[in-house]
Amino acid sequence: MNYMSEVEVAEVQAVVIGAGQAGLSSAYHLRRTGFELDRDFVVLDHNPGPGGAWRYRWRSLTYGKVHGMHSLPGMELTDADPARPSSEVITEYFDRYERRFDLRVRRPVQVRAVREGTGGRLLVETSAGAWSTRTLINATGTWNRPFWPRYEGQETFLGRQLHTAQYPGPEAFAGQRVVVVGGGASATQHLLEIAPHAAATTWVTRRPPVFHEGPFDEEAGREAVALVEERVRQGLPPRSVVSVTGLPLNDAIRRGLSDGVLDRQPMFDRITPEGVEWGWGSPLLERSRELGGGRRVAADVILWATGFRPAIDHLAPLRLREPGGGIRVEGTRAVADPRVHLVGYGPSASTVGANRAGRSAVRDIRRLLTEERVAA
Ligand SMILES: Cc1cc2nc3c(=O)[nH]c(=O)nc-3n(C[C@H](O)[C@H](O)[C@H](O)COP(=O)(O)OP(=O)(O)OC[C@H]3O[C@@H](n4cnc5c(N)ncnc54)[C@H](O)[C@@H]3O)c2cc1C
């Protein structure tokens, strides 16, 4: 017997899952366009307090170090101290925002599954009961799904392995030999912070990193977003926006490049109990040596700065995934199910993108509900 049939199921027009930038922007636009909280929609979040993933960002990621943090709609984030941890600044800002717009996020509520309900509705099953809804805005971000690649010998490593999601700040690496894996902004930030404390650092990436000169203007931003958009339109797993924009060549990166901290090595072939190792690979010895063939680096720590994947396992019963592994999305709407919107997913996985996506998802949802009413 389905246990949900034994408990009361509240009916709403929309459920927003997640109260980070994307979920709060959606909730703001729902309210603005006349949806009433609790009667017409609810916002569910599994964190114990405000801030979305920002609650968990490492303390050395100060507000001055984040690039392009856009305010939420309707209330600017002003006068933030750039020396304070962004986890504090943004968590406090989200808290003020929720109170100012009376968003009453329900937390901690873990959404376990979303499945087909009755009468064309979706059933949202959670740790705090179930909701039956006409539409869904999924805004669950990526923080809960750190991506760990697998390499031969990984389980034999005698040192410590951790992911960016567990990065404790640079002091924890004092006197240690650290291998940092990954070609994104997190990897370069970790290296620049850790190098003054560590005994040695080694940076490895699969592809040579691409740095871009000069300011990243709006047109370049639009082009990058369009590339990610094209992937999700085809149903491929989204890539991060940074993976298509490259890394900004700022002063800190320039220094790292000139003093050797950002001396990138190709990806190692295997992990040994004592460190990492590059095989000979190519039969051409010279080329192999150029690529670091036959080389070993001893390590106490491997830090995987290898990114995150969308946290969407709870949507699995809806079978939205394409054979390519991603969910096909037009704007924010899942092509396979127009009741479902993904905000902060793929091209909208940035603070500015999440803002816009929230507005556009609400516009679509209003249209869908109006059409349903007219048809009824
Ligand atoms: C280290 C780092 C730095 C970044 N810096 C920037 C930057 O400077 N500028 C920028 O624009 N972007 C930055 N980004 C990207 C950033 O993550 C997004 O811009 C934005 O903050 C994501 O917002 P979101 O609402 O999509 O996700 P999140 O902030 O992750 O919010 C998702 C929420 O959903 C909740 N949730 C997840 N699953 C469930 C579930 N099953 N049930 C209930 N609740 C659930 C989570 O608890 C969380 O509160 C950065 C990302 C990282 C990893």
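**Exercise 1. Determine how strand β1 is paired and how the chain leaves it.**

Step 1. Eight bridges connect strand β1 (residues 9–17) with strand β5 (residues 129–138), and the two run parallel. The model is a predicted one, in which local features need pLDDT of at least 70, side-chain atom pairs count only at pLDDT 80 or more, and totals for chains, interfaces and linings use all residues. Residues are numbered from 1 along each chain as its sequence is written. Strands (E, at least two residues) and helices (H or I, at least four) are DSSP runs, numbered from the N terminus. Two strands pair if DSSP finds at least two bridges between them.

Step 2. Within β5, W131 is the bridge partner of A10.

Step 3. β1 also pairs with strand β2 (residues 41–44), in the parallel sense and over four bridges. Here A14 stands opposite F41 in β2.

Step 4. From β1 the chain crosses through α1 to β2, a right-handed β-α-β crossover. Right-handed means that, with the strands pointing away from the viewer, the path from the first strand over the helix to the second runs clockwise.

Step 5. The loop between α1 and β2 contains D38. D38 has a positive phi of about 75° although it is not a glycine. Most residues other than glycine have a negative phi, and most peptide bonds are trans.

**Exercise 2. Locate a cis peptide bond and state its omega.**

Step 1. The bond between R107 and P108 is cis, with omega about -10°.

Step 2. P108 lies in the loop between α2 (86–100) and β3 (111–116).

**Exercise 3. Give the strand order of the open sheet of five strands.**

Step 1. The order is β6-β15-β7-β8-β11, with parallel pairing.

Step 2. At the edges are β6 (160–163) and β11 (264–266), each pairing on one side only.

Step 3. From one strand to the next, the twist averages 25°. Axes are lines fitted to C-alpha atoms, for helices over the stretch in contact, and angles run from 0 to 180 degrees between N-to-C directions.

Step 4. Strand β7 (residues 177–181) is joined to strand β15 (residues 301–304) by four bridges, and the two run parallel. In β15, W304 is the bridge partner of V181.

**Exercise 4. Describe the packing of helices α3 and α6.**

Step 1. Helix α3 (residues 185–194) packs against helix α6 (residues 251–258) at an angle of about 65°, and their axes are 11 Å apart.

Step 2. α3 is therefore roughly perpendicular to α6. Angles of 65 to 115 degrees count as roughly perpendicular, under 35 as roughly parallel, over 145 as roughly antiparallel and the rest as oblique.

Step 3. The crossing of α3 past α6 is left-handed. In a left-handed crossing the near helix is turned anticlockwise from the far one by less than a right angle.

**Exercise 5. Characterise the surroundings of the ligand.**

Step 1. The ligand is surrounded by 34 residues, of which the closest are G18, G20, G52, G141 and G344. A residue is near the molecule if its C-beta atom, placed from the backbone, lies within 6 Å of it.

Step 2. α1 (21–32) and α8 (351–375) are the elements that give two or more residues to this shell. The largest share, three residues, comes from α1.

Step 3. By class, the shell has 14 nonpolar, 18 polar and two charged residues. Ala, Val, Leu, Ile, Met, Phe, Trp, Tyr, Cys and Pro count as nonpolar, Asp, Glu, Lys and Arg as charged, and the others, Gly among them, as polar.
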